[in-house]
Amino acid sequence: TAGLPPPGARWELIAGDDFGDQERGVFAARQAQQGTVMEGLTYSWGAEYLGGALLGRVDTASPVRLRRLAIGGNALSRTRVEGSLAAEVTATLLRSPGSHFEYGLLYQTDAGTMAFMVTPNDGEYRVNSPIDGDILAWRPSAAIKAGRQRNTLRLERVNDVAAVYVNGRPVDRFELSGVPDRNGVIGLSWA
């Protein structure tokens with residue numbers, strides 16, 4: 001698709017984080033929230049820097065046995081992004097009470113939030129639209145490493161074109177017509 005640099009192109013680093021110092025890190029300190037998904041199912045989530053990593057957690061008071069019920073959290077960066085961008089994170093699951101879990105990257109603008117999520121146990125990914133919330137169906141990708149192995153996720157946006165990568169391999173490209181490329185925030189998400 002026209003508009004994107006070739007895979008592996010060099011980008012200017014605007015913000016980086018080794019997750020060693022929460023007070024000066026890219027992500028706001030100790031983000032947390034509580035919520036109710038449906039009657040009788042409450043949860044809380046949180047994020048904090050711990051041991052050189054950003055640790056995201058989700059706690060529920062009752063066992064969750066519904067497949068693909070997304071109960072999760074996210075950490076948003078303090079840094080605003082304007083124009084073209086590339087965001088990359090290496091993530092892994094430490095512990096989960098069930099077999100379904102997902103993690104990924106967020107790109108939030110005034111128009112809405114785009115989420116690029118992977119499910120390592122299922123070997124699938126999805127992307128949702130920031131404009132109308134439409135979600136691409138879960139799609140398989142051989143690039144996703146299973147279970148507790150590390151996966152490096154990357155999201156690139158140039159003008160109205162976006163691409164997502166898993167472990168250096170392109171998995172999807174799509175148009176972002178109508179999504180402003182200003183006043184954006186990058187985030188990490190887990191469920």
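Q: Which residue of strand 7 is the bridge partner of Gln108?
A: In this predicted model, Gln108 has Thr113 as its bridge partner in strand 7, a strand being a DSSP run of E with at least two residues, numbered from the N terminus. Local features of the model need pLDDT of at least 70, side-chain atom pairs count only at pLDDT 80 or more, and totals for chains, interfaces and linings use all residues. Residues are numbered from 1 along each chain as its sequence is written, and side-chain values use heavy atoms, with hydrogens and water left out.

Q: How do you know that strand 6 is paired with strand 7, and how many bridges join them?
A: Pairing requires that DSSP find at least two bridges between two strands, and strand 6 (residues 103-109) is joined to strand 7 by 7 bridges in the antiparallel sense, so the two count as paired. A hairpin with 2 residues connects them.

Q: How many bridges join strand 7 to strand 8?
A: There are 5 bridges, and the two strands, of which strand 8 covers residues 124-128, run antiparallel. Val118 stands opposite Tyr125 in strand 8, while Gly123 takes a positive phi near 65° in the hairpin of these strands, which has 4 residues between them.

Q: Why is strand 7 called largely enclosed?
A: Buried means under 20% relative accessible area, exposed over 50%, and partly exposed in between, with a 1.4 Å probe and protein chains only. Of the 8 residues of strand 7 (residues 112-119), 7 are buried, so the strand is largely enclosed by the rest of the structure.

Q: Why does Ser141 count as buried?
A: Because the relative accessibility of Ser141 is 14%, which is under the limit for burial, the residue is classed as buried. Ser141 belongs to the loop between strand 9 (139-140) and strand 10, and, leaving aside neighbours within four places in sequence, its contacts (heavy atoms within 4.5 Å) are Gly123, Tyr125 and Val171.

Q: Why does Glu156 count as buried?
A: Glu156 has a relative accessibility of 2%, and therefore counts as buried. Glu156 is part of strand 10 (residues 151-158), and its C-alpha atom is separated by 6.5 Å from that of Ala87, 69 residues apart along the chain.
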